[in-house]
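Colleague: I have a model open and would like to go through it with you. Can we start?

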Amino acid sequence: MQRFLQSLSNFAYQRNYQSDMGTVGEGGWCEGPDHAALYSLYRPSPPEALIARIVTYVGDGVRVNDEVETVALDVGCGPGQSTLPLADHFDRVIGIDVSKSQIEAANRIAYKRSNVSFKLVDAGQFPVDDESCDLVLAVQACHWFDLNGFYRETKRALKTNGTVAIAGYTLPKIEFMDRPELSELLMEPYLKVYSETANSWRPERKLVDNEYADFHFPFAHSVYVRGAEALKNYSCDTVTTLDGVRGYLKSWSGFRTHFRERGGSAAGEARLDQMVEEYDWIRCPKMARNCGATRQELVSASLVLRVPYFFRMGRKQDQF
Ligand SMILES: C[S@@+](CC[C@H](N)C(=O)[O-])C[C@H]1O[C@@H](n2cnc3c(N)ncnc32)[C@H](O)[C@@H]1O
């Protein structure tokens with residue numbers, strides 16, 4: 001419960017939550033002031049447990065002493081969700097992103113921490129000196145990068161034994177807050193919409209669905225956390241209702257693409273009406289029988305959206 005409340009406090013994840021899956025750069029899904037604003041408001045932040053695990057790993061690799069400045073670089077920082085949590089742990093934190101709107105949004109929150117700055121730069125050109133960084137982090141971002149350039153720069157920028165961590169998050173799980181044992185019933189209509197729109201997602205999405213299992217990751221002492229462990233220990237949780245789930249699906253870029261080509265937003269709304277009907281008329285009476293609640297109580301029940309973060313971490317070694 002403690003972990004749950006903590007993650008709620010740093011997570012403004014509401015009904016219009018913007019799912020990942022867009023492409024990036026000028027004209028892409030992640031571009032433009034509206035998307036940057038949605039990201040700022042509705043994207044999850046890496047949970048404290050993930051930041052703590054990364055920071056511990058960094059400390060085990062690079063001996064820290066007060067004389068030497070510690071530096072973390074967050075690549076593909078978006079509006080800063082993955083950058084700000086590093087501020088307590090490093091002397092200097094730099095977020096970089098190729099999107100002007102994201103960097104503008106990030107700069108609006110930069111005042112919160114004096115040791116954090118943001119720069120408009122591509123993942124193939126880190127704005128730091130050779131061997132100056134203790135951590136290079138990329139959260140829900142490196143599937144968009146030219147990996148050769150990103151790894152070349154990571155190698156250049158990291159101190160020996162410095163850490164590279166790449167993380168991402170998969171589809172949220174939906175659970176009844178009070179009756180988690182009934183939660184399986186909630187997933188089916190929601191996953192059906194995802195699979196129906198599957199062909200409208202960009203190909204890079206598959207790397208995320210696969211939790212970066214196929215990612216080339218040429219670093220020593222590699223750690224890989226995914227699946228059940230990610231869900232149990234490294235998820236960002238928030239409370240919503242069935243109506244919030246509906247809004248969340250509507251914000252998927254794949255959902256929007258799918259219905260843009262098939263009748264526009266009216267068709268998308270109709271599909272979501274249908275999904276809600278499945279919950280209202282088929283699922284809820286069954287659940288009501290199971291848990292003794294009224295149908296109305298179930299429709300307005302508090303739900304938890306759990307966003308599991310998977311991650312890989314490794315160290316730069318001299319022979320890299
Ligand atoms: C899904 S967002 C992730 C934002 C943030 N790291 C988070 O935890 O939510 C992906 C970000 O990667 C950025 N990005 C994509 N390709 C990039 C590149 N080649 N160089 C730098 N940033 C890039 C996008 O502009 C976008 O802001």
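Colleague: How far apart are the end C-alpha atoms of helix α3 (residues 48-61), and what should its 14 residues span?

Modeller: The end C-alpha atoms of α3 are 20 Å apart, and at 1.5 Å a residue the helix should span 20 Å, so the two agree. The expected span is 1.5 Å times one less than the number of residues. Helices (H or I, at least four residues) and strands (E, at least two) are DSSP runs, numbered from the N terminus.

Colleague: What should I know about the model and its numbering?

Modeller: This is a predicted model, in which local features need pLDDT of at least 70 and side-chain atom pairs count only at pLDDT 80 or more, while totals for chains, interfaces and linings use all residues. Residues are numbered from 1 along each chain as its sequence is written.

Colleague: What is the mean pLDDT, and where does it stay under 50?

Modeller: pLDDT is the predictor's confidence in each residue, from 0 to 100. The mean for the protein is 81, and 78% of its residues reach 70 or more. Over residues 1-32 it stays under 50, and for that stretch the model has 75 contacts beyond four places in sequence. Two residues are in contact if their C-beta atoms, placed from the backbone, lie within 7 Å. Where pLDDT is low, the predicted coordinates should not be read in detail.

Colleague: Back to α3. Which of its residues are buried?

Modeller: The buried residues of α3 are L50, R53, I54, V55, V58 and G61. Buried means 20 or more other C-beta atoms within 10 Å of the residue's own, exposed means 12 or fewer, and partly exposed is in between, with C-beta atoms placed from the backbone. An α-helix has 3.6 residues a turn, so residues three or four places apart point the same way.

Colleague: And what do those buried residues pack against?

Modeller: They pack against β4, β5 and β9.

Colleague: How many residues of β4 are buried?

Modeller: Seven of the seven residues of β4 (residues 133-139) are buried.

Colleague: Which strands does β4 pair with?

Modeller: Strand β1 (residues 71-75) runs parallel to β4 and is joined to it by three bridges. Strand β5 (residues 158-169) also pairs with β4 in the parallel sense, over six bridges. Pairing here means that DSSP finds at least two bridges between the strands. As for individual residues, D74 has L137 of β4 as its bridge partner, and V139 stands opposite A167 in β5.

Colleague: What about Y212?

Modeller: Y212 also has a positive phi, about 55°, and is not a glycine. Its place is the loop between α7 (205-209) and β7 (220-225). With 20 other C-beta atoms within 10 Å, Y212 is buried.

Colleague: E211 is in that loop too. What is it in contact with?

Modeller: Neighbours within four places in sequence aside, E211 is in contact with T170, R226, G227 and F310. E211 is buried, with 22 other C-beta atoms within 10 Å. Its C-alpha is 8.6 Å from that of A167, which is 44 residues apart in sequence.

Colleague: New topic. Which residues touch the most other members of the largest nonpolar core?

Modeller: Of its 68 residues, those are A72, L73, V75, L135, V136, A165 and Y309. Strand β9 (residues 303-315) gives the most to this core, with eight residues. Such a core is a set of buried Ala, Val, Leu, Ile, Met, Phe, Trp, Tyr and Cys residues joined through C-beta atoms within 7 Å.

Colleague: Take V136. What does it contact beyond its sequence neighbours?

Modeller: Outside four places in sequence, V136 is in contact with L73, V75, T154, A157, L158 and V164.
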